[in-house]
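Subject: Structure for your review

Dear colleague,

Please find below the structure I promised to hand over. My notes on it follow directly after.

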Amino acid sequence: FRPFLGPLRLDSLWLVLVIPLVIGIAVTYKTIKLADLANLHREAAYLAIQIIVFMALAAITLWMLTELL
């Protein structure tokens with residue numbers, strides 16, 4: 001592995017790396033939108049779960065459209 005010349009082989013792990021990305025997006029979004037940050041952890045976790053569930057539903061729907069029709 002050489003940075004910028006030989007990237008890491010993460011082809012098989014890309015789906016696992018989506019979870020930290022979604023959590024980072026949820027925390028950043030909720031930090032900007034909430035007036036009181038006392039509920040930040042709960043609100044960010046709820047948003048992250050929503051994003052992951054809807055991404056899974058979209059993937060299942062697209063798979064059904066392409067494979068079953």
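In which helix is lysine 30 found? Lysine 30 is found in helix α1. Please bear in mind throughout that this is a predicted model.

**Overall form**

The secondary structure of the chain consists of two helices and zero strands. Helix α1 covers residues 14-33, and helix α2 covers residues 40-67. The radius of gyration of the chain is 17 Å, whereas a compact globule of 69 residues would have a value near 11 Å. The C-alpha trace spans about 45 × 40 × 15 Å along its principal axes. Of the 69 residues in the chain, 12% are buried. The chain exposes about 6100 Å², and carbon and sulfur atoms supply 73% of that area.

Is lysine 30 buried or exposed? Lysine 30 counts as buried, because its relative accessibility is 16% and the limit for buried is under 20%. Leaving aside neighbours within four places in sequence, lysine 30 is in contact with Leu37, Leu40, Glu43, Ala44 and Leu47.

One of these contacts is also a salt bridge: lysine 30 pairs with glutamate 43, and their closest N and O atoms are 3.6 Å apart. Lysine 30 lies in helix α1 and glutamate 43 in helix α2, so this pair ties together parts that are 13 residues apart in sequence. Glutamate 43 counts as partly exposed, at 24% relative accessibility.

Glutamate 43 is also touched by leucine 34, as are Asn39 and Leu40, when residues up to four places away in sequence are not counted. Leucine 34 itself is placed in the loop between α1 and α2. Its relative accessibility is 22%, so leucine 34 counts as partly exposed.

**The nonpolar core**

Which residues make up the largest nonpolar core? This core has six residues in all: Val18, Val22, Ala26, Ala44, Leu47 and Ala48. Helices α1 and α2 each supply at least two residues of this core. Alanine 48 touches Val22, Ile23 and Ala26, not counting residues up to four places away in sequence. Two further members of the core, Ala44 and Leu47, are among the contacts of lysine 30 described above.

**The second salt bridge**

How many salt bridges does the structure hold? The structure holds two. Side chains of opposite charge can pair when their charged atoms come close. Besides the pair already described, the side chains of arginine 9 and aspartate 11 meet in a salt bridge, at 2.9 Å from N to O. Arginine 9 is exposed, with a relative accessible area of 69%. Aspartate 11 is likewise exposed, at 52%.

**The segment before α1 and the surface**

Phenylalanine 4 is placed in the segment before α1. Its relative accessibility is 86%, so phenylalanine 4 counts as exposed. Most residues other than glycine have a negative phi. The phi of phenylalanine 4, however, is positive, near 70 degrees.

At 42% relative accessibility, leucine 13 counts as partly exposed. Leucine 13 belongs to a nonpolar patch on the surface, which is formed by Leu8, Leu10, Leu13, Val16 and Leu17. Together these residues have about 440 Å² of accessible area.

Tryptophan 14 is placed in helix α1 and is exposed, with a relative accessible area of 55%. Between the C-alpha atoms of tryptophan 14 and tyrosine 46 there are 22 Å, and the two residues are 32 residues apart along the chain.

Lysine 33 is placed in helix α1 as well. Is lysine 33 buried or exposed? Lysine 33 is exposed, because its relative accessible area is 56% and exposed means over 50%.

**In brief**

With kind regards

Notes. Residues are numbered from 1 along each chain as its sequence is written. This is a predicted model: local features need pLDDT of at least 70, side-chain atom pairs count only at pLDDT 80 or more; totals for chains, interfaces and linings use all residues. Side-chain values use heavy atoms; hydrogens and water are left out. Helices (H or I, at least four residues) and strands (E, at least two) are DSSP runs, numbered from the N terminus. Buried means under 20% relative accessible area, exposed over 50%, partly exposed in between (1.4 Å probe, protein chains only). Patches are made of residues with over 30% relative accessible area and no salt bridge: like charges are joined within 9 Å, nonpolar side chains (Val, Leu, Ile, Met, Phe, Trp, Tyr) within 5 Å. Accessible areas come from the Shrake-Rupley method with a 1.4 Å probe; for residues, only the protein chains shown count as cover. A salt bridge is a side-chain nitrogen of Lys or Arg within 4 Å of a carboxyl oxygen of Asp or Glu. A nonpolar core is a set of buried Ala, Val, Leu, Ile, Met, Phe, Trp, Tyr and Cys residues joined through side-chain atoms within 4.5 Å. Contact means heavy atoms within 4.5 Å. The radius of gyration is taken over C-alpha atoms; the globule rule is 2.2 Å times the number of residues to the power 0.38.
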